[in-house]
Amino acid sequence: MAGKSSLFYFNLCLGGYMQVLDVLKEAGNLAQKYKNMELYEQLLTVREELSGLREELIQLKEENKSLKERLELQAKVVFENGLYWIRGDRLAEDKDTPICPRCWDVDNTLMRLKIYKDSYGKESVFCYNCKTEYYL
Ligand SMILES: [Zn+2]
């Protein structure tokens, strides 16, 4: 029985959802053919429950993907010279990108800093989120 349950989950994950719906529809047709309305209603309930589980599975997959991305990103973040840096930032042509220490530490938000030269020609960075300025 455990094997069947795993197979069911596997099919659900791989888009076998439509196949399961077809089986339920066929079972519903048989229930109508043999005039078993109680069974027919039970099958409708199963179909609704299945739809809810599928929605939940999709949501959990999205959350899982997002958490994995966050973990991968955290593994690339290092603290150096008073700033956090993303080593090999995918969104910045694999260069090292400074991120705001205040936003990262206080709000757990990753804010890439804008690099610019101030009026004295000193390289600085600015956070558009918390409006903090740092020297490099
Ligand atoms: Zn900030």
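Q: What's the bridge partner of Tyr116 in β5?
A: Tyr116 bridges to Ser124 in β5. Strands here are DSSP runs of E with at least two residues, helices are H or I runs of at least four, and both are numbered from the N terminus. One caveat: this is a predicted model, where local features need pLDDT of at least 70, side-chain atom pairs count only at pLDDT 80 or more, and totals for chains, interfaces and linings use all residues. Residues are numbered from 1 along each chain as its sequence is written.

Q: And which residue is the bridge partner of Lys114 in β5?
A: That one is Phe126.

Q: How many bridges do β4 and β5 pair over?
A: They pair over 4 bridges, in the antiparallel sense; two strands pair if DSSP finds at least two bridges between them. β5 covers residues 123–126.

Q: What about the hairpin of β4 and β5, which residue has the positive phi there?
A: Gly121, with phi near 85 degrees. The hairpin has 5 residues between the strands.

Q: What's the strand order in the open sheet?
A: The order is β4-β5-β6, 3 strands with antiparallel pairing. β4 (114–117) and β6 (133–135) are the edge strands, and each has a single partner, so one side of each lacks a neighbour in the sheet.

Q: By how many degrees are neighbouring strands of this sheet turned against each other?
A: On average by 30 degrees, direction ignored. The axes are lines fitted to C-alpha atoms, for helices over the stretch in contact, and angles run from 0 to 180 degrees between N-to-C directions.

Q: Switching to helices, what does α2 reach from its first C-alpha to its last?
A: Helix α2 (residues 17–33) has 17 residues and reaches 24 Å, close to the 24 Å expected. The expected span is 1.5 Å times one less than the number of residues.

Q: What happens just after α2?
A: Lys35 takes a positive phi of about 55 degrees there, although Lys35 is not a glycine. Lys35 is in the loop between α2 and α3 (37–76).

Q: Is Lys35 buried or exposed?
A: Exposed, with 8 other C-beta atoms within 10 Å. The cut-offs are 20 or more for buried, 12 or fewer for exposed and partly exposed in between, counting other C-beta atoms within 10 Å of the residue's own, with C-beta atoms placed from the backbone.

Q: Where is Asp94?
A: In the loop between β2 (83–89) and β3 (95–99). Asp94 has a positive phi near 65 degrees, and counts as exposed with 10 C-beta neighbours inside 10 Å.
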